[in-house]
Amino acid sequence: MNQHRITPMTESGLLAALTVMLALAAVYLPVLGMAAALIWPLPVLVLVVRHGVRWGLMAVLVSGVIMALLIEPMIALRLVLAFAPTGLMLGLGFRRRWAGARTFVMALAASLGGKLLVFALLFAVTAVNPLGMEMDTVRESFDAAFRMYEEMGIDAGQLQQSRAEIDAGLSMLALLMPLVVLMMGLLDTLVAYLLGTRILRRLGHDVPQLPPFEAWRLPSAFLYLFGFALVGLYWGGTRDIPQLYQAAMNANMLALFAGLIQGLSLSHCVMRHFHLPTSARVLIYAMILLSGILTQIVALTGLIDMIFDYRRRFGERNKK
């Protein structure tokens with residue numbers, strides 16, 4: 001009985017063509033383009049798992065050349081550098097059966113490295129800070145919107161108040177641009193990891209999974225980072241050291257974000273212990289994320305949990 005199997009060359013060509021289609025969608029579709037960019041690493045991931053890193057690199061090279069011919073060389077290079085490392089590293093981790101957490105962390109590092117390469121490329125070509133250029137574009141769009149509102153006859157005092165609030169928000173965003181880059185890498189790594197594991201399981205591959213959410217524990221280094229960030233904010237603000245203040249602000253927000261993840265994991269563990277229904281859990285999560293005070297309380301609780309491990313203490317108490 002003849003069994004027809006797709007050769008690596010054929011599958012590589014098909015998946016490379018899929019990456020080109022996703023790249024075209026990412027560039028030319030205004031809304032769906034973001035989703036297409038996020039799932040761009042998936043064909044590369046699948047190819048690496050099924051046939052090895054060599055075939056994945058060949059597919060990335062071929063698709064990059066075709067994208068450069070169809071779109072624009074600089075845009076194609078930026079897409080490849082920003083998203084290909086994520087797919088290659090996730091595929092390598094799944095193929096070598098690394099632990100789920102190790103695979104995710106290595107893919108996140110690769111994703112951040114790719115995005116830093118994109119920024120370095122833009123700076124080398126334009127001699128302009130790409131992060132500052134993005135902020136200038138956002139400011140210009142808001143200025144155009146305010147001019148349109150003024151022509152429509154909207155109250156000038158109200159517009160001035162709104163402009164001041166937006167300027168304050170943009171100033172804070174400019175300080176947190178390094179954290180924004182980190183969140184971008186985290187988002188595309190998370191999407192590629194979750195969708196990639198589902199696709200590989202459908203294809204019959206046994207891939208390692210992340211631990212259950214209620215068992216997530218982040219390193220206690222984030223708690224110390226939070227403490228150092230508070231000192232940096234004080235010194236940077238009182239001694240007028242902008243670089244120290246910006247670094248401390250980003251470190252502070254990163255530590256609080258890590259604390260929020262751990263705090264939500266702890267909350268999930270407690271809610272599962274008391275057998276709360278799914279609707280109640282969703283309501284509690286919504287209350288936490290929509291309330292600034294509750295978000296900060298949960299984040300600080302998560303940071304403290306990194307040291308005291310409330311789940312272990314809670315489990316020991318229940319055994320008595």
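Isoleucine 66 is partly exposed in this predicted model, because its relative accessible area of 35% falls between the limits of 20% for buried and 50% for exposed residues. Isoleucine 66 belongs to helix 4, which covers residues 53-70. On the surface, Ile66 is part of a nonpolar patch whose other members are Leu61, Val62, Val65, Leu69 and Leu70. Together these residues have about 580 Å² of accessible area.

Serine 63 is also found in helix 4. Serine 63 has a relative accessible area of 1%, and it counts as buried because that value is under 20%. Beyond the residues within four places of it in sequence, serine 63 is in contact with Ala16, Thr19, Val20 and Trp40. The side chain of serine 63 also has a polar atom 3.0 Å from the backbone oxygen of valine 60.

Another part of the chain can be followed from asparagine 129. This residue sits in the loop between helix 6, residues 100-126, and helix 7, residues 130-151. Asparagine 129 has a relative accessible area of 44%, so it is classed as partly exposed, between the 20% and 50% limits. From asparagine 129 to threonine 278 there is a separation of 149 residues in sequence. In space, the C-alpha atoms of asparagine 129 and threonine 278 are 46 Å apart.

Technical notes: Residues numbered from 1 in each chain as written. Predicted model: local features only at pLDDT ≥ 70, side-chain atom pairs only at ≥ 80, totals over all residues. Heavy atoms only, no water. Patch = residues over 30% accessible without salt bridge, like charges linked within 9 Å, V, L, I, M, F, W, Y side chains within 5 Å. Areas by Shrake-Rupley, 256 points an atom, 1.4 Å probe, with all protein chains shown as cover. Salt bridge = Lys/Arg side-chain N within 4 Å of Asp/Glu carboxyl O. Helix = DSSP H or I, 4+ residues; strand = E, 2+ residues; numbered from the N terminus. Buried < 20%, exposed > 50% of the residue type's maximum accessible area, 1.4 Å probe, protein only. Polar contact = N/O pair within 3.5 Å; in protein donor to acceptor, adjacent residues only side chain to side chain. Contact = heavy atoms within 4.5 Å.
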